[in-house]
Amino acid sequence: MGTLAPTGGISPTTLAHTAFRTAVSTASLAAAIGGLLPRTWFRQQVCVGLRRPLVPGTRYTDRNAQYCSGDGFDGYVEAYLALIDDFTATASEAELALLEDGFLHEAYHEPAFCEAARQLQSWAGTIPEGNS
C-alpha cells in the first residue's frame, strides 16, 4: 500500500503556523500579545522593503499601496509595543513567561512559514515511507 498524505491545500508548515497562531491567540492575553508580535514586526519590515524599490505604474503598485497604506505598519507597531509595555508593567512572572514563550515560538514559525511559501511546499515527501 502507498503512503497516505494530503494531496493539496495547506502545506505542513503553514498548517503548523496557523495552528500555533490560533492556539496562542486564544490561550491568554500574555500568550497572544507575545505570540503575535513577531508577525507584526515582520509585516512592518515587509512594508519598508516594498516601499523602497517601488516603481510607480508597475503591476505591484496597487498591491503595495493596499498592503502598506499610509505609514504601513509603523503606527500599528508603535501602538502594539506600547500595549506590551503597559501589560508587562503589571504582569506576573507567569504571564511574562507566557508572553516570552509565545514570542519565541512565533519567531520560529514566521520565517519557516515564509520559506515554505517561497519553496511552494507541499505534503509530498513529508511523510516517511511505510507510515501509511
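1. How many residues does α2 have, and how far does it reach from its first C-alpha to its last? In this predicted model, α2 comprises 23 residues and reaches 32 Å between those two atoms. That value is close to the 33 Å expected at 1.5 Å a residue.

2. The protein chain contains 5 helices and 0 strands, giving the pattern α-α-α-α-α along the sequence. Of its 132 residues, 27% are buried. Among contacts between residues at least 6 apart in sequence, 75% join residues at least 24 apart.

3. The course of α2 deserves a comment of its own. A kink of about 35 degrees is located at Leu37, shortly before the proline Pro38. Both Leu37 and Pro38 belong to the buried residues of α2. Others in that set include Ala30, Ala31, Ala32, Ile33, Gly34 and Gly35, as well as Thr40, Gln44 and Cys47.

4. The packing of α2 against α5 can be described next. Two packed helices are characterised by the angle between their axes and by the distance between those axes. Here, the axes of α2 (residues 29–51) and α5 (residues 93–118) come within 7 Å and cross at roughly 35 degrees. The crossing is right-handed.

5. Which residues of α2 meet α5? On the α2 side they are Ala30, Ala31, Ile33, Gly34, Gly35, Leu37, Pro38, Arg39, Trp41 and Phe42. Their counterparts in α5 are Glu95, Leu98, Leu99, Gly102, Phe103, Glu106, Ala107, Glu110, Phe113 and Cys114. The residues of this contact divide into 13 nonpolar, 3 polar and 4 charged.

6. Is Arg39 buried or exposed? This residue of helix α2 has a relative accessibility of 16% and therefore counts as buried, the cut-off being under 20%. Leaving aside residues up to four places away in sequence, Arg39 touches Arg21, Glu106, Glu110 and Phe113.

7. The C-alpha atoms of Arg51 and Ala65 are separated by 8.8 Å, the two residues being 14 apart along the chain.

8. Finally, the backbone at Leu120 should be noted. Leu120 lies in the segment after α5 and has a positive phi of about 55 degrees, although it is not a glycine. With a relative accessibility of 72%, Leu120 counts as exposed, because the cut-off for that class is over 50%.

Key
Residues numbered from 1 in each chain as written. Predicted model: local features only at pLDDT ≥ 70, side-chain atom pairs only at ≥ 80, totals over all residues. Heavy atoms only, no water. Axes fitted to C-alpha atoms, helices over the stretch in contact; angles between N-to-C directions. Helix = DSSP H or I, 4+ residues; strand = E, 2+ residues; numbered from the N terminus. Left-handed = near helix turned anticlockwise from the far one by under 90°. Contact = heavy atoms within 4.5 Å. Nonpolar A, V, L, I, M, F, W, Y, C, P; charged D, E, K, R; others polar. Expected span 1.5 Å × (residues − 1). Bend = angle between axes of the 7 residues up to and from the residue. Buried < 20%, exposed > 50% of the residue type's maximum accessible area, 1.4 Å probe, protein only.
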